[in-house]
Amino acid sequence: MKFCFFGNISNSLKGQTAGGGELQVALLAKALAIKGHQVVIIDPYSGESFVTEEGIKLINIPGWNKGIMGIRLFQYRIPLLYKLLKEQKADYYYARMRSYFHLLSYKAAKKNGGKFIIGLAHDLDVASFRKRFRYEYQPKFSLTKFLALWLPNDMVFDYLLKKSDYITLQHTGQMTGRLTQSRKTALFPNIFNYNNLPSINNGNGDYYVHVGSMTILKGTANLFELISIVKKSDKIIIVGQPCDSKSEKIYGLLKKKENVILKGRLGHSETLALIAGAKALINTSNFEGFPNIFLEAWASGVPVISLKVNPGNVINNYGLGICCDGDINKMRDAMEMNRTAAIDKDQLTSYVSAHHDFNGAGERFLNILKKD
């Protein structure tokens, strides 16, 4: 069978991950290629076309930035992309993350008699517009971006959820609202590749670690509130940079906290080393999908203390840490009393192996398509 993907995936194929969604597309593409299927990725953001060692063919679009901004979208980008997508004549076209360009993948699938698949990448993908606006758009609001990019992305994505042949969920908690009665939905958890996990000596560190982009959506305000109430003896290492104006102000305030070490943006190996040496990974996000950083922590034998995010209730069901159900005081107590210390590290690593391992990902995905 032939699969066609679209997006900014080239860096993730090369081990330079742009984001969690891009990483998951790259891992799925590799898993399918290893199973012997034809895999094509159209990436207009790549500077070159190439073929990976797994046999994935990545196609760039040299004329993507040609023309005047705004006009070029209709004069060059849409025609070029649609032409390439149609030429693939793929059996399956896959979309992940909200982008109005996915409408062209859907049209190409229908034109070629193929199937169209949407993979959810975030809980906000199936949330109300009000929640998307409050947590994702309002903190970084730009009227131009809202009208020209964010709103069209959401409108197209909501339309494609209705029209797609398959919808894959990261966890059971995403089976909500309009998806509840849909027969085309299936659970396909995020993939974790142990080959990407460096050899790290897991220690019993004297600190907690927070990793990820610092935005209001990712809970920067919650993080500051937490740090303001925990004992000064609880050391917290923060990896990541502020990405919106409110978070930049909070980041400045965090510099003054005695028990906080700000690392900024670090390389993947250095970040994993900090996670592996921590008492626990802490997460204060308002919304996530299934955080890849959770998988990296568990695979390293490190539990998670999460304020709100508990994808499909896995933290409780499999004993992977503590979810505080939005209670900041409960999170403070969990840290101050080191309540994750007794969690068996083997329990964490075995969960990842059983449910997220890269080696079986291709077969798990193909089994979803066989149900048609």
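Tutor: F3, F5, Y92, Y94, Y166, F188 and F365 form one aromatic cluster. Rings of Phe, Tyr and Trp (its six-membered ring) pair if their centres lie within 6.5 Å; planes under 30 degrees apart are stacked, over 60 edge-to-face, the rest tilted. The model is predicted: local features need pLDDT of at least 70, side-chain atom pairs need 80 or more, and totals for chains, interfaces and linings use all residues. Numbering runs from 1 along each chain as its sequence is written, and side-chain values use heavy atoms, without hydrogens or water.

The ring rule gives 25 aromatic pairs. Take W298 and Y351: their planes stand at 90° and their centres are 5.6 Å apart, so this pair is edge-to-face. W298 belongs to helix 10 (residues 292–299) and Y351 to helix 13 (residues 345–356), so the contact ties together parts 53 residues apart in sequence. Helices (H or I, at least four residues) and strands (E, at least two) are DSSP runs, numbered from the N terminus. Both W298 and Y351 are buried. Buried means under 20% relative accessible area, exposed over 50%, partly exposed in between (1.4 Å probe, protein chains only).

Back to F3, one of the cluster members. F3 stands opposite V39 in strand 2. C4 stands opposite V40 in that strand. Strand 1 (residues 2–6) runs parallel to strand 2 (residues 38–42), and five bridges join them. Two strands pair if DSSP finds at least two bridges between them. Strand 2 also pairs with strand 4 (residues 57–59), again in the parallel sense, over three bridges. There V40 faces K57. Four of the five residues in strand 2 are buried.

Eight strands make up an open sheet in the order 3-4-2-1-5-6-7-8, and the pairing is mixed. Strand 3 (50–51) and strand 8 (185–187) are the edges, each pairing on one side only.

Charged contacts come next. The structure holds 15 salt bridges. A salt bridge is a side-chain nitrogen of Lys or Arg within 4 Å of a carboxyl oxygen of Asp or Glu. R98 takes part in a network with D125, R132, E136, D154 and D158. Between D125 and R98, the closest N and O atoms are 2.9 Å apart. D125 sits in the loop between strand 6 (115–119) and helix 5, while R98 sits in the loop between strand 5 (92–96) and helix 4 (102–112), 27 residues away. D125 and R98 are both buried.

R98 also meets D154, at 3.0 Å from N to O. D154 lies in helix 6 and R98 in the loop between strand 5 and helix 4, so this bridge ties together parts 56 residues apart in sequence. D154 is buried too, as is R98.

K232 and E258 form another salt bridge, at 3.9 Å from N to O. Here both residues are exposed.

Last, the cysteines. There are zero disulfides, a disulfide being a pair of cysteine sulfur atoms within 2.5 Å. For C323, the nearest cysteine sulfur is that of C324, 6.4 Å away. C323 counts as buried because its relative accessibility is 5%. C324 is in no disulfide either. C324 is buried, with a relative accessible area of 1%.
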